Amino acid sequence: MNGHKNILKGKIKTILQLLVSIAGLAFIFYKVPFVEVSENWNIGMLPWVIAMCIAATLIMIIQANRWKGLSVQGPSIPFKTYYAYTALGYFFNNILPTGFGGDAVKSLAFGKRFNQTSQSVSAVLISRIQGLLAMFLCFFVALPFALTHVDIPLKYTFIMCGALFICVAIIVGCLFSDKIPLPQFILNKLTFIPKLQKSLSIYRNYRKQMFLSSLDSLWIQLLTLFTAYAFFKAVGLDIDISLIVVFTSITAVITMLPISLNGIGIREGIQVALYTGILGIPAALVLSAGLLGYLPLLFQAAQGAVVLAISKKSDS
């Protein structure tokens, strides 16, 4: 009975998120007709689009390397396997209701195949948090430079400070999870928790791997920021890089809120609020650039679709 209720709640939540995304897109394109947005796209964008796809592939390569580096126990698994499951994660990230859905699918599928589920989940969780910390580092480094160009409302800095505090608390909680006592009824209900706590806390003894994965996270963040820079350049916008760093980070944090389908509809509204509301760039141009940001995501998801098709074919 509880299982059916949880499934029903999940479906209702997904429907509500979908409605929020549709409403967000409908509102933004009511204010800014799509025809005006599409007028800014032309064949001259192709070099920048190719650069974005190359950056997207490099991001996947580094993510796979980070995952492999954090797999500190168990059998030695080829890099191509980590890359394949990373691609699979991107595929499911784009079809599941949250941007974290693909992480769950890839880590569980990988763990089940190689009989190391707790470590797989732990490695993916740690790497995701490290990625967020790298984003916050870039944000706070760029913020003083951005403030020399424009006045950024203080509320955005408060949002980022709050999100950083939560992120730091989570990673500290993960690394010292074995020290956190949990009620017995939770342990009885969620029997995998002790294994997960052990797998997370073990990283306290692998400082080199944590340091290297942190460096990988920084490279990934820099490539992500390059992608944002590229889709603005593709439509002819030359924006100071410090502003792109700050605004991209703010957009990423706000769209992580589970109120829409993968941030769709919310992301566009935030981009217009920042780039149009603060910098005065025409909304149609901002949306033209922002929508190009979906192309590298689709490119990554397409690789995951190929992996899924090959795996199904080999299983049959």
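Entry 1: I began with Cys161, which is partly exposed at a relative accessible area of 35%. My cut-offs here: buried is under 20% relative accessible area, exposed is over 50%, and partly exposed is in between, with a 1.4 Å probe and protein chains only. Next I searched the whole structure for disulfides and found zero. For that search, a disulfide is a pair of cysteine sulfur atoms within 2.5 Å. Cys161 is in no disulfide, and its nearest cysteine sulfur, that of Cys167, is 13 Å away. I also checked Cys53, which is buried at a relative accessible area of 17%.

**Entry 2: Ground rules.** A note to myself: this is a predicted model, where local features need pLDDT of at least 70 and side-chain atom pairs count only at pLDDT 80 or more, while totals for chains, interfaces and linings use all residues. Residues are numbered from 1 along each chain as its sequence is written, and side-chain values use heavy atoms, with hydrogens and water left out.

**Entry 3: The whole chain.** I counted secondary structure and got 14 helices and zero strands. These are DSSP runs numbered from the N terminus: helices are H or I with at least four residues, and strands are E with at least two. The radius of gyration is 20 Å, close to the 20 Å that the globule rule gives for 316 residues, so the chain is as compact as a globular protein of that length. That radius is taken over C-alpha atoms, and the rule is 2.2 Å times the number of residues to the power 0.38. The C-alpha trace spans about 55 × 50 × 40 Å along its principal axes. Of the 316 residues, 45% count as buried.

I then looked at contacts, meaning heavy atoms within 4.5 Å. Among those between residues at least 6 apart in sequence, 75% join residues at least 24 apart.

**Entry 4: Surface and charge.** The accessible surface comes to about 16,700 Å², and 71% of it belongs to carbon and sulfur atoms. Those areas come from the Shrake-Rupley method with a 1.4 Å probe. I also compared the 24 positive and 10 negative charges, whose mean positions are 19 Å apart. Lys and Arg count as positive, Asp and Glu as negative, and His and the chain ends are not counted. Each charge is placed at NZ of Lys, CZ of Arg, CG of Asp or CD of Glu.

**Entry 5: Helix H10.** Leaving out residues up to four places away in sequence, Ser213 touches Arg66, Leu70 and Gln130. Ser217 is also in H10 and is buried at 1%. With neighbours within four places set aside, Ser217 is in contact with Arg66, Ser127, Gln130, Gly131 and Ala134.

Beyond its neighbours within four places in sequence, Phe226 is in contact with Trp48, Ala51 and Ala55. Its C-alpha atom is separated by 27 Å from that of Phe29, 197 residues away along the chain.

**Entry 6: A loop residue.** Last, I checked Asn115, in the loop between helix H5 (101-114) and helix H6 (117-147). Asn115 has a positive phi of about 55° although it is not a glycine. Buried or exposed, I wondered about Asn115? Asn115 is exposed, with a relative accessible area of 73%.
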